[in-house]
Amino acid sequence: MSYCCGASMVGTKGTLKHYRTQVHNVPLLFCPVCHRVEVHYKVENEYEILAEYAHGDGVTDVDFQDYVMEDETAIFENVINVESEDPLAIIRSQIDMSLDLLAVAKQIGDTKWERELKKRLAVMSQRRHRLQQKA
């Protein structure tokens, strides 16, 4: 599992730009709180090699899946949520985990962690409210 802002990151696939080269279908981890994106650690080296070679060859677009045959299920087996799930279910899961962590933070008396968790809960509560309004 990967964490950012104390929240578990969501598994997805997306496009990253490496200089002038667009690399499509890259397995990514996405933070639902701060929106940070990073290449999934299981394919990070492969991404860097492919992006460098494609850029060096002057290729403007390359599909990660055409060159790296990692099984998507195996890549995302360690993430709690994947982007293809219901967005409201993802937010609810994130809120539940944050509440559990908040209880731990209070129990051990870590006020800094409590503040961070409360900020994260506020962001996710707003997002949940917006998703519920759309439904």
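A pocket is an open set of grid points where a 1.4 Å probe fits, with protein on both sides within 12 Å along at least five of seven lines. In this predicted model, the largest pocket has a volume of about 270 Å³. Its lining draws at least three residues from each of domain 1 (3-82) and domain 2 (87-133).

**Lining of the largest pocket**

- The lining consists of 13 residues, and those closest to the centre of the pocket are Phe30, Pro87, Ile91, Arg127 and Leu131.
- By residue class, seven lining residues are nonpolar, five are charged and one is polar.
- Two helices, H4 (87-108) and H5 (111-134), each contribute at least two residues to the lining.
- Helix H5 provides the largest share of the lining, with four residues.

**Domain arrangement**

- The domain assignment divides the chain into domain 1, covering 3-82, and domain 2, covering 87-133.
- The centres of domain 1 and domain 2, taken over C-alpha atoms, are separated by 26 Å.

**Interface between the domains**

- At the interface, eleven residues of domain 1 are in contact with nine residues of domain 2.
- The two domains bury about 800 Å² between them, and carbon and sulfur atoms account for 55% of that area.

Methods: Residues are numbered from 1 along each chain as its sequence is written. This is a predicted model: local features need pLDDT of at least 70, side-chain atom pairs count only at pLDDT 80 or more; totals for chains, interfaces and linings use all residues. Side-chain values use heavy atoms; hydrogens and water are left out. On a 1 Å grid over the protein atoms alone, a cavity is a set of points where a 1.4 Å probe fits but cannot get out, and a pocket is an open set with protein on both sides within 12 Å along at least five of seven lines; lining residues have an atom within 4 Å of a point. Grid points are joined across faces, edges and corners, and a volume is the space filled by probe spheres set on the points. Ala, Val, Leu, Ile, Met, Phe, Trp, Tyr, Cys and Pro count as nonpolar, Asp, Glu, Lys and Arg as charged, and the others, Gly among them, as polar. Domain bounds come from an automatic or database domain assignment. Contact means heavy atoms within 4.5 Å. Buried area is the accessible area (1.4 Å probe) that two parts lose on being put together, summed over both.
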